[in-house]
Amino acid sequence: HGSICLATKTLNYEKKKEYKVVATATDNGKDKGFDNYTAQTNVTIKVIDDPDTPTIKDDGKPGYDVAENTVDNNTPTGFEIACYEVSDEDEGQVETLNAYVKDVGNTDADRLFGAKIKKDGSTYKVCLIVKDGDRLNYEAIEHVHNVIVAVMDADKLTAEVTKKLNLTDVNEMPVIMGNPTFSFYDRNKVGAVVGTVALEVGAVV
């Protein structure tokens, strides 16, 4: 018996589904005083598709700064923090990838941040986004969040990148509480205190 062996590292169904080769067999007739004889046959090898794992093209950054969303709605719900190109060699898979975020720091990061798939020209990208902009308050929540941005295809195969998100403080406008009225003697000296007002402040006063 003779064997046909794989001469390359791997086959790729998406690039080539079928191979046609000529198998040649030669006997050792000369060892017994005869001429060697050769026989040939055409062989068709059909490649069977094996599910491919999706891929995410990481930008190489360890993480990003994200401003709190308390001034001018600067980081609203849906705000894109970063996007990465995704691919899946299996036909029709990249269009239906499921994107999600996992919290790996026990800070409820998956309630603050999410992920979505979007088409950008001829490519697809997974974007890390703000899931709930109303919760991005520097004074109210944790400042550092570690997350995994992941995609899953129809075969339940996944790809992921890990990122650190640093919530940054912004200078918020102070607010004077109420509309106070003060009484003041007309003979008080310069510098005398007329009254005090209550302030609600953010980052800096």
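## Salt bridges and their surroundings

E18 is partly exposed, with a relative accessible area of 33%, where buried means under 20% relative accessible area, exposed over 50%, and partly exposed in between (1.4 Å probe, protein chains only). The partner of E18 in a salt bridge is K20, the closest N and O atoms being 3.5 Å apart, and K20 counts as exposed at 64% relative accessibility. A salt bridge is here a side-chain nitrogen of Lys or Arg within 4 Å of a carboxyl oxygen of Asp or Glu, and a search of the whole structure finds 8 of them.

This is a predicted model, in which local features need pLDDT of at least 70 and side-chain atom pairs count only at pLDDT 80 or more, while totals for chains, interfaces and linings use all residues. Residues are numbered from 1 along each chain as its sequence is written, and side-chain values use heavy atoms, with hydrogens and water left out.

## Salt bridges between distant parts

A salt bridge also joins K163 to D58, with the closest N and O atoms 2.8 Å apart. This pair links distant parts of the chain, since K163 belongs to strand β10 and D58 to the loop between β3 (55–57) and β4, 105 residues apart; helices (H or I, at least four residues) and strands (E, at least two) are DSSP runs, numbered from the N terminus. K163 counts as buried at 2% relative accessibility, whereas D58 is partly exposed, with a relative accessible area of 38%.

The side chains of E80 and K118 form a further salt bridge, at 3.1 Å from N to O. Because E80 lies in strand β5 and K118 in strand β7 (residues 113–120), the pair ties together parts that are 38 residues apart in sequence. E80 is partly exposed, with a relative accessible area of 30%, and K118 is partly exposed as well, at 27%. Elsewhere, salt bridges that share partners join D58, D59 and K163 into one network.

## The disulfide

The structure holds 1 disulfide, a term used for a pair of cysteine sulfur atoms within 2.5 Å. The two cysteines are C83 and C127, whose sulfur atoms are 2.0 Å apart. They link distant parts of the chain, with C83 in strand β5 (residues 80–87) and C127 in strand β8 (residues 123–130), 44 residues apart.

The torsion about the S-S bond of C83 and C127 is about 105°, so the disulfide is right-handed. C83 is partly exposed, with a relative accessible area of 27%, whereas C127 counts as buried at 0% relative accessibility. Another cysteine, C5, counts as exposed at 64% relative accessibility.

## The open sheet

An open sheet of 4 strands has the order β4-β10-β9-β6, and its pairing is mixed; two strands pair if DSSP finds at least two bridges between them. Its edge strands are β4 (63–67) and β6 (98–103), each of which pairs on one side only. Neighbouring strands of this sheet are turned by 30° against each other on average, direction ignored, where axes are lines fitted to C-alpha atoms, for helices over the stretch in contact, and angles run from 0 to 180 degrees between N-to-C directions.

Within the sheet, strand β9 (residues 144–152) and strand β10 (residues 158–168) run antiparallel and are joined by 9 bridges. V151 stands opposite A159 in β10. Strand β10 is also the strand that holds K163, the salt-bridge partner of D58.
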